Amino acid sequence: MQKNILWYFESFNFLDSLSMKEKMELSDRAKMIEAKKNQIIYLPSDISNSIYFLKKGKVKISSFSDDGKEMIYAILGPGEIFGELAIIGQENREQIAATTENALICYVDVREFENFLATHPRLSLQITKLIGFRLMKVRSRLERMWFKSASERVKSLLLDLIDEHGIKIGDEREIRLNLTHQDIANLAATTRQTVTTTLNDLERSNIITYDRRRILVRNPKALE
């Protein structure tokens, strides 16, 4: 199992600053789980006691309002971490983390990870930058909600998805996330009807083609 976990950590770019020996040290502190589609990893109010590394599959980070509306904060793919706010003192989770497909996830106890970071300042700096980057994305998203129309938010979301998950095919970009119109609405903080109308308009303009399995953005600049 340790050998498998070591192989697991070798696929994370932000761990490139670690030597093979250091990755082995980290793997000694880690455990691995094979999660099924739609499996809950943690819920709001759960104790923030682990940091998670996603090797395979997708994980959705979301929350629900009092009236049952879902807000999706991120769709994470292989090579990303989540639950990282535990490092900066979050005692209890505030969001839901759940798989959207079968996934392979490794996790490390937050105290063990903090001890590891204390002796690896370059990795600690990278984690700090990651947390800052994600907080900036949240702020940017809030600004969109205040200052952009619903259709503009959908277009901005597509640009974000290109940056995070886009596969380059010539001048085009392909997003393979199996997103429903409702998922996109929850990500863009708008309604399903607005998403449907906006995507149809973009498709008629030959800016995108869309189905349940993927979004092909033919002209990314037209979304700006």
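How many residues of strand β3 (residues 50–56) are buried? The count is 6 of 7, and the strand is mostly covered. The legends below describe close-up views of a predicted model, in which local features need pLDDT of at least 70, side-chain atom pairs count only at pLDDT 80 or more, and totals for chains, interfaces and linings use all residues. Residues are numbered from 1 along each chain as its sequence is written, and side-chain values use heavy atoms, with hydrogens and water left out.

**View 1**
Buried means under 20% relative accessible area, exposed means over 50%, and partly exposed lies in between (1.4 Å probe, protein chains only). Strands (E, at least two residues) and helices (H or I, at least four) are DSSP runs, numbered from the N terminus. Two strands pair if DSSP finds at least two bridges between them. β3 runs antiparallel to strand β8 (residues 103–109), and 6 bridges join the two. Tyr-52 has Tyr-107 of β8 opposite it. With strand β6 (residues 80–82), β3 forms an antiparallel pairing over 3 bridges. Here Phe-53 stands opposite Ile-81.

**View 2. The open sheet β2-β7-β4-β5.**
This open sheet has 4 strands in the order β2-β7-β4-β5, and the pairing is antiparallel. β2 (40–42) and β5 are the edge strands, each pairing on one side only. On average, neighbouring strands of this sheet are turned by 30° against each other, direction ignored. Axes are lines fitted to C-alpha atoms, for helices over the stretch in contact, and angles run from 0 to 180 degrees between N-to-C directions. Within the sheet, strand β4 (residues 59–64) pairs with strand β7 (residues 96–99) in the antiparallel sense over 4 bridges. Ser-62 stands opposite Ile-96 in β7.

β10 and β12 are joined in the antiparallel sense by 3 bridges. Arg-173 has Val-217 in β12 as its bridge partner.

**View 3. Helix α6 and its surroundings.**
Helix α6 (residues 181–188) is largely enclosed by the rest of the structure, because 7 of its 8 residues are buried. The buried residues are His-181, Asp-183, Ile-184, Ala-185, Asn-186, Leu-187 and Ala-188. They pack against the helices α4 (121–147), α5 (150–165) and α7 (192–204), and against the strands β5 (70–76), β11 (208–210) and β12 (215–217). Contact means heavy atoms within 4.5 Å. Ala-189 follows α6 and has a positive phi, near 55°.

Side chains of opposite charge can pair when their charged atoms come close. A salt bridge is a side-chain nitrogen of Lys or Arg within 4 Å of a carboxyl oxygen of Asp or Glu. By this rule the count comes to 9 salt bridges. In one of them, Arg-134 pairs with Glu-80, and the closest N and O atoms are 3.6 Å apart. The pair links distant parts of the chain, with Arg-134 in helix α4 and Glu-80 in strand β6, 54 residues apart. Arg-134 is buried because its relative accessible area is 18%, whereas Glu-80, at 25%, counts as partly exposed. A network of salt bridges links Glu-80, Glu-84 and Arg-134.

Glu-172 forms a salt bridge with Arg-218, with the closest N and O atoms 3.0 Å apart. Glu-172 lies in strand β10 (residues 172–175) and Arg-218 in the segment after β12, so the pair ties together parts that are 46 residues apart in sequence. Glu-172 is partly exposed, with a relative accessible area of 21%. Arg-218 is also partly exposed, at 32%. Glu-174 forms a salt bridge with Arg-176, where the closest N and O atoms are 2.6 Å apart. Glu-174 has a relative accessible area of 5% and is therefore buried.
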